[in-house]
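Student: I am new to this structure, and I would like to go through it slowly with you.

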Amino acid sequence: MIPFPTLGMGTAPIGNLYRVVSDTEARATLDAAWDVGIRYYDSAPHYGFGLAERRLGAMLAERDPAGEAVVSTKVGRLLVPTDAQGERHGFVDADPFEPVFDYGYDAILHAFDGSRARLGRDRIDLLLAHDLGRVTHGEAHADHLRAFLNGGYRAMRDLRDAGAVGAIGIGVNEVAICDELLDHVELDMILLAGRYTLLDRSAERLLARCAELGVRVIVGGPYNSGILARDLKGPLHFDYAVPSAEILGKAQRLSDTCGQYDVPLPVAALQFPLRHPAVVSVIPGLVGADQVADTMARMAVPLPDALWPALDASLKENAMLQDDARLILLHPNDNVLICVRAIEAGDILPSSGGTIPAREGIAIGHKVARTALCAGDKIIKYGAPIGSMTADAATGEWVHMHNMKSDYISSHTRTALEQGA
């Protein structure tokens, strides 16, 4: 498999993401990236509904006749002609197509042919199934996943086996779908956006799994939609939305810690993902020659080793129980905490002797292990036993339990069966 440059360029912004980008500005961005040595470009039919691929293809046709650049694009949406104008799906005055999800065999081949035509390349280095996942598709998730597993994945493998594609994988924003697919199919690479950043560490366990399996990871969205890109100045976005007070507080602590080491926050944010052994490349989205220059400057800054543990510690500050308001302790003798505000995987939770990242999302009203618990252990709430563990749980994990009534029924049923034997 070909080596991937550690720095690439995401092309969603030159597909008119959030604002109109002229052909001149888009070309100036791509030329600047090429001139400073960027040789990996990631695109997708969704980015401007073909616009970003067209613009990238035009630049590569002139600047890269030898095919030196590494190019990745995506499948999973078909582009259907439309008369709609203005902003659609976050893209402004883009090409006149409407993206329609389709992960079936024929749709993947059709989408791939469209991308090859727009990019002007017979072979694509990396082909990614785009935006699978429950958060994206809601109730339609199961149908789309079934279509991919029953057809789309086979189409991607056929393209790779035929030499039309160098590697295959998925390009997503959700951790859960990565684990779900790794349980079923082999992937060469995963492009994961926004889930392994200074601010969002929810992909840590996934990356460890990828390292074990030999699946290479590309990290997109290292600035989490911009909140880490400008030292918290100007209008801020986190995951494409206005950040919550909690997120702003975390970002401020990260910024303050960076300031103690005379390191700009965006520099640390850009370089952070590359510290993980599973990560081969980071690809910020760029528009404008100035952003290209800033990116190269940020990558060149040497960072002190002491910065990273200090940044880790800053995320844990003020995250203890009394300040967190996500978990409450009902009695000092309890071995569980009660979730009073939804928890996401990777959130920092209090535990005996310090803090720990939540291993999974936890809903309001559910219990979290305060210390490591084993199957059969009594669960103590309000200082009294309320049931027993049905499975082991590490500190910070969701507790699954029998209540006292089910314990009673289970024990008496077991006794009756043993006596009957």
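Tutor: Angles under 35 degrees count as roughly parallel, over 145 as roughly antiparallel, 65 to 115 as roughly perpendicular and the rest as oblique. The model is predicted, so local features need pLDDT of at least 70 and side-chain atom pairs 80 or more, while totals for chains, interfaces and linings use all residues. Residues are numbered from 1 along each chain as its sequence is written, and side-chain values use heavy atoms, without hydrogens and water.

Student: How are α3 and α5 oriented to each other?

Tutor: Helices here are DSSP runs (H or I, at least four residues), numbered from the N terminus. The axes, lines fitted to C-alpha atoms over the stretch in contact, with angles from 0 to 180 degrees between N-to-C directions, come within 7 Å and cross at roughly 45 degrees for α3 (residues 105-119) and α5 (residues 141-161). The two helices are therefore oblique.

Student: Which residues in α3 meet α5?

Tutor: Contact means heavy atoms within 4.5 Å. On the α5 side, the residues met include Gly151, Arg154 and Leu159. Their partners in α3 are Tyr105, Ile108, Leu109 and Phe112.

Student: With which residues is Arg54 in contact, leaving aside its neighbours within four places in sequence?

Tutor: Arg54 lies in helix α2 (residues 51-63), and its C-alpha atom is separated by 9.9 Å from that of Asp95, 41 residues apart along the chain. Leaving aside those neighbours within four places in sequence, the contacts of Arg54 are Asp95 and Arg118.

Student: Is Arg54 buried, partly exposed or exposed?

Tutor: Buried means under 20% relative accessible area, exposed over 50%, and partly exposed in between, with a 1.4 Å probe and protein chains only. Because its relative accessibility is 40%, Arg54 counts as partly exposed.
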